Amino acid sequence: MHLENYNPELFYDELFAELGKPRPSAAPLIEWMKELPLQELQQHRETAQIALFNLGVTFNVYSDSQGIEKVFPFDIIPRIIAAQEWENLEKGLKQRIKALNLFLGDIYNEQRIIKDNIIPTEIIESATGFLKPCIGMKPFGGIWCHITGTDLVRDKDGAWYVLEDNLRVPSGASYFLENRRVMKSTFPEIFQTMNVKPVDDYPSHLLETLLNLTPPHLSDPTVVVLTPGIYNSAYFEHSFLAQQMGVELVEGRDLVVVDGYLQMRTTKGLRRVDVIYRRVDDDFLDPLVFRSDSLLGVPGLMNVFRQGRVALANAPGTGVADDKVVYAYVPEMIRYYLGEEPILNNVPTYLCWRDQDKDYVLHNLEKLVVKAANESGGYGMLIGSNSTIEQQEEFAERIKANPRNYIAQPILSLSRVPTLIDDAIEGRHVDLRPYILHRGDEIYVHPGGLTRVALKKGSLVVNSSQGGGSKDTWVLNH
Amino acid sequence: MLSRVADSIYWLNRYIERADNVARFVDVNLNLMLDLPDGLSQQWEPLILTTGDLELFKERYGKATPDNVIQFLTFDAKYPNSIFSCVQLARENARSIREIISSEMWEQVNGFFMMVKDASQRPVRTTLPNFFTQTKLASHRFAGVMDATMTRNEGWHFGQMGRLQERADKTARILDVKYFYLLPSVEWVGTPLDQIQWISLLRSVSAYEMYRKSQRRITPNSVAEFLILNREFPRSIHFCLKEVERSMHEVTGTPIGTWCNSAERSIGRLCAELGYLTIDDVIDVGLHEFLDQMQKRINEVGVKMWETFFAIEPIVNKTTTTMSQRLGNMSQTMG
């Protein structure tokens, strides 16, 4: 396998410092790969892909009437994060989640941050994720965002940025768990020499976080995972996590509110549910409070929740902080609530509701990424450098029509990782989604997380729905 | 266990078993038709008759030609009891309870569906016998894997009930096929052709060898007795229903011989009757009439099970419930 000529080009490469020269943390892996014939690497990729398919690590494609799931493409060259670097990320993420959680509690109660003129009230009230029914709510232990999957990226110079916080129902944990399982069986030798932090205990941490949400007098609380059902694109993950935690996977139709408590229908009658790890969006949780046409939720659930008789993870309403305009204020939140300087940077963000920013954005569309404030998954987005004049004009119109709903950011040259493409190793852009669990007195960051990779040459979009794949993420012990 | 989950694991097993039995149906007929003496025309309609879906078939295909019947029963994605549909539905059910069943079970169902799907894309007559063999094997494999990897918990028992209830029903129907076969005239009874038909029938339920060991000579009454009343042969109606009864009582904890819900009562009555019947009683009623009645009774057990275990309605203000109950499975599949 020839890697002497691998060229990071103008990008920050996670494994190579410069042409043919690996970074110290990646050196053992690269040396080992050099000894490996290309065919063998390809074979390993084949085996890994088959293993993932057999494990059923899939996502659904909505349009396929036969309900056939697709395997999330997987690249066998791992992404490596050095110990020191991880330590810093960990600190930064803890700080950020702590502040965001305080923000959520504040914004649905006292709203001090508005009264102190840090964030304009119009911004909060116009955020689609801001849910009026959540005003005055006090979730158990003051925790709103129990599980967060923050998206991080690196620019040309290697600096880390937070791209999105994903405080609602981030998915992907099952992929990094299964990726690791496959990597361990594919490359046991090199895995051992590299001293990689293990990730297999994520389900235990998750269960612990959920069990933490019940008052101590409940001796044997019932935890469930709530899924929209088998046609949801992340169904595999819902089922996988329920299985790994040993808890029931329920759908809305399994649940019912009786006598003021949430109950599930079992073959032996009704049984009380104490904690829900819900993978159903806020809007669909309770037809009596949110969308009345929802069949995915449970009528009366919110009432039970408000009375503290069932815990929801995450709490409804966290989406307000996923609004991309609100996102721009996170550094301010960190200063305001914690009195600290942010450890992790935001991507500089132009807010189109500010006239000055809007003018700049409209005049520089080709240099910017424009995003709708309330979209995710790579939708509702314009990447200036890859767009036609018509597309730019269309976005300009949209921005003028609804400036509040648009933000723009400079186009970052996301970092790359060597990736096996057909019969060559080429650099491909990646992001990183670590998972952060908030347990009140402790915030836990799971080592690594999901590295998503844009398999299309030059592409910056890593979403699975748009041709992205994933890699195993190796956080080194030292 | 969640009612929905119990329902899914029950149907997962029923559908696998149904696919298996449809393969047996068609396979036995293919064999029989090869043994017909010159001058006798092929009979494919009896096969459709036993499924109880003759009307639907006539509407869709008209005449019962070999190709039509085979297509209908094996690969027709629009016919809910075709092998293709059964395996697809089994897979859907399995997918909704993956965290309950073992991953090996899932892999079996998934592989089974991929195999059927592949075959359905190039349905060639010459490869059909192999396809039916593969189908039966896949069903056996699934049952074996489930047996070897799943805890004997409530889920396992519901699965068991699904499989054996389906098997009892299908054994009744397969035995009934013979009723519909027209021998050219009464004189043909007891001739080699008649013998060959009975042998094929026994083969189709994997009973030929076991039958020979216990009964030796092949007579209609003994075959019927073996497939209806035998207490040890795992595809006989009595054996299957006894197992259903046993599993049901494992779930409820009620001792066998007593009952605390209508499902236990209906299976208990049925088993008790079978326990004290002789084949002469059956013949007195008429074999076809008896089998017809038996299918209805087995159906009724299914309905009672649905009411007792799967469709648990909470006592709440009806105006606030907008639950989307999945009654679909029941209406779509009792055929």
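Modeller: What follows begins with the chain as a whole, turns to the sheet, and then compares it with other parts.

This is a predicted model, in which local features need pLDDT of at least 70 and side-chain atom pairs count only at pLDDT 80 or more, while totals for chains, interfaces and linings use all residues. Residues are numbered from 1 along each chain as its sequence is written, and chains are lettered from A and ligands numbered from 1 in the order in which they are written.

Chain A holds 14 helices and 26 strands, where helices (H or I, at least four residues) and strands (E, at least two) are DSSP runs numbered from the N terminus. Its radius of gyration, 23 Å, is close to the 23 Å that the globule rule gives for 478 residues, so chain A is as compact as a globular protein of that length; the radius is taken over C-alpha atoms, and the rule is 2.2 Å times the number of residues to the power 0.38. Along the principal axes, the C-alpha atoms of chain A fill a box of roughly 70 × 60 × 50 Å. Of the contacts in chain A between residues at least 6 apart in sequence, 68% join residues at least 24 apart, a contact being two C-beta atoms, placed from the backbone, within 7 Å.

The sheet itself is open and has three strands in the order β6-β23-β24 of chain A, with antiparallel pairing; two strands count as paired if DSSP finds at least two bridges between them. Its edges are β6 (147–149) and β24 (443–445) of chain A, each of which pairs on one side only. Neighbouring strands of this sheet are turned by 20° against each other on average, direction ignored, with axes fitted as lines to C-alpha atoms (for helices over the stretch in contact) and angles running from 0 to 180 degrees between N-to-C directions. Strand β23 (residues 435–438) of chain A runs antiparallel to β24(A) and is joined to it by three bridges, and His438(A) has Ile443(A) in β24(A) as its bridge partner.

Strand β7 (residues 151–154) of chain A pairs with strand β8 (residues 160–164) of chain A in the antiparallel sense over four bridges, and Arg154(A) has Trp160(A) of β8(A) as its bridge partner. Five residues lie between β7(A) and β8(A) in this hairpin, and Gly158(A) in the turn has a positive phi of about 90°.

Another open sheet, also antiparallel, has four strands in the order β17-β20-β18-β19 of chain A, with β17 (350–351) and β19 (381–383) of chain A at the edges, each pairing on one side only. Two bridges connect β17(A) with strand β20 (residues 406–410) of chain A in the antiparallel sense, and there Tyr350(A) stands opposite Ala408(A).

As for domains, whose bounds come from an automatic or database domain assignment, chain A is given domain 1 (201–313) and domain 2 (348–410). The C-alpha centres of domain 1 and domain 2 of chain A lie 38 Å apart.
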